[in-house]
Amino acid sequence: MAAGTLIAFFRRIPYPRTVAAAVALWFLYLVLGYFVAPRLIQRAIPDLVAEQLQRKASVGEVRVNPLLLRVRVRDFALAETDGTLIVGFRRLLVDFEVSSIVRWAWTFSSIQLDGLDLRVDIRPDGTLNLAALASAAGDSESSSSDGAPPRLLLQHAVLRSGSITFTDRTGSSPASATVQPIDLELHDISTLPDPRGPYTVSASLRDGGTLRWRGDVALHPVFSQGELDASRLKLATGWRFLRDHLDIAEPAGTIDFFARYRFEYGQTVVDVAQP
């Protein structure tokens, strides 16, 4: 009785084959999104990094929600071939917007990054690890690119509990300084012409002192203006990087400073000013 009622119900549906095909495609989309895509992404990242950047990468976990267009990545690490860490993070959450189709631009409602660990290293030969990484990435780009930035709109971005370690190994004694925790928040960042979004950055140095940076930024053209406020920065932190060039003993004390700035980069002109 129940089976006959169900069959009769489907017979009353207009275009039953079309509806059945749509349901099948929707089911396939969910299966691919929830189960297949995460495994493909997790396997593809190390292979792409090895091929394109000649570096090592590892990913702990990838989850995809095809209904919310959300991707979550945990425990990512990018390292040199000898295993030296370049950058890593505990969690990355990306929310993609369907409105990308209407805007004809990659649109993200939110990007959240927790536990960023970035290592900036000046090697004994004077080369910078990030510059070498950027050079490898540039070599892998298609030569057919016209140089224009991709159309991008990021509505909200948050960095929580980040850390940046600066190391200089060019001198007789390696110098190192760590800035942590770094908290950053951005709104409406875009490569579309003209739009500008506000940003706020706060950070603490491991040796003591705090940094606060806030203002507005645009990517196309490159523009930024705002305020930089530093308090209780130890003079000895900077001295460790310059001691081979300064004939002075390690200084004591701290320094505070505040500055307003305006930076604009056109096609051929860089304009830096203090309002």
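Biologist: Let's start with Tyr 34: is it buried, partly exposed or exposed?
Modeller: Tyr 34 is partly exposed, with a relative accessible area of 33%. Keep in mind that this is a predicted model.
Biologist: And what about Phe 35, buried or exposed?
Modeller: Phe 35 is exposed, because its relative accessibility is 56% and the cut-off for exposed is over 50%.
Biologist: How are the rings of Tyr 34 and Phe 35 arranged as a pair?
Modeller: They make a tilted aromatic pair, with 6.4 Å from centre to centre and 55° between the planes. The structure holds 7 aromatic pairs.
Biologist: Okay, strands next. How do S2 and S3 pair?
Modeller: S2, residues 70-79, and S3, residues 85-96, run antiparallel and share 9 bridges. Within that pairing, Phe 89 of S3 stands opposite Phe 76.
Biologist: Which residue in the hairpin of S2 and S3 has a positive phi?
Modeller: That's Gly 83, with phi near 95°. The hairpin has 5 residues between its strands.
Biologist: Which strand is joined to S3 by 6 bridges?
Modeller: That would be S4, residues 106-114, and the two run antiparallel. Asp 114 in S4 stands opposite Arg 91. S3 also pairs with S5, residues 117-122, in the antiparallel sense over 2 bridges. There, Gly 88 has Asp 117 of S5 as its bridge partner.
Biologist: While we're on S4, is Ser 110 buried or exposed?
Modeller: Ser 110, which sits in S4, is buried at 9% relative accessibility. Beyond its neighbours within four places in sequence, Ser 110 contacts Leu 93, Val 94, Asp 95 and His 156.
Biologist: Switching to the core: how many residues does the largest nonpolar one have?
Modeller: It has 34 residues, and Phe 76, Leu 78 and Ile 182 have the most contacts inside it.
Biologist: What does Ile 182 touch?
Modeller: Not counting residues up to four places away in sequence, Ile 182 touches a list that includes Leu 159, Ile 164, Val 201 and Ala 203. Arg 160 and Ser 202 are also among its contacts.
Biologist: Now Asn 129. Where does it lie?
Modeller: Asn 129 is in helix H4, which covers residues 129-140. Asn 129 counts as buried, because its relative accessibility is 3% and the cut-off for buried is under 20%.
Biologist: Which backbone atoms lie by polar atoms of the Asn 129 side chain?
Modeller: There's the backbone oxygen of Arg 119 at 2.8 Å, and the backbone nitrogen of Asp 121 at 3.0 Å. Beyond four places in sequence, Asn 129 also contacts residues including Glu 80, Ile 86 and Val 120. Ile 86 is 43 residues from Asn 129 in sequence, with 7.7 Å between their C-alpha atoms.
Biologist: Last one: which residues of H5 are buried?
Modeller: In H5, residues 235-242, the buried ones are Ala 236, Thr 237 and Trp 239. These residues lie on the same side of H5, because they cover an arc of only 165° around the axis.
Biologist: And what covers them?
Modeller: The cover over the buried residues of H5 includes strands S7 (175-190), S8 (197-205) and S10 (222-234).

Note on methods
Residues numbered from 1 in each chain as written. Predicted model: local features only at pLDDT ≥ 70, side-chain atom pairs only at ≥ 80, totals over all residues. Heavy atoms only, no water. Phe/Tyr/Trp six-rings, centres within 6.5 Å; stacked < 30°, edge-to-face > 60°. Buried < 20%, exposed > 50% of the residue type's maximum accessible area, 1.4 Å probe, protein only. Pairing = 2+ DSSP bridges. Helix = DSSP H or I, 4+ residues; strand = E, 2+ residues; numbered from the N terminus. Core = buried A, V, L, I, M, F, W, Y, C linked by side-chain atoms within 4.5 Å. Contact = heavy atoms within 4.5 Å. Arc of directions from axis to C-beta. Polar contact = N/O pair within 3.5 Å; in protein donor to acceptor, adjacent residues only side chain to side chain.
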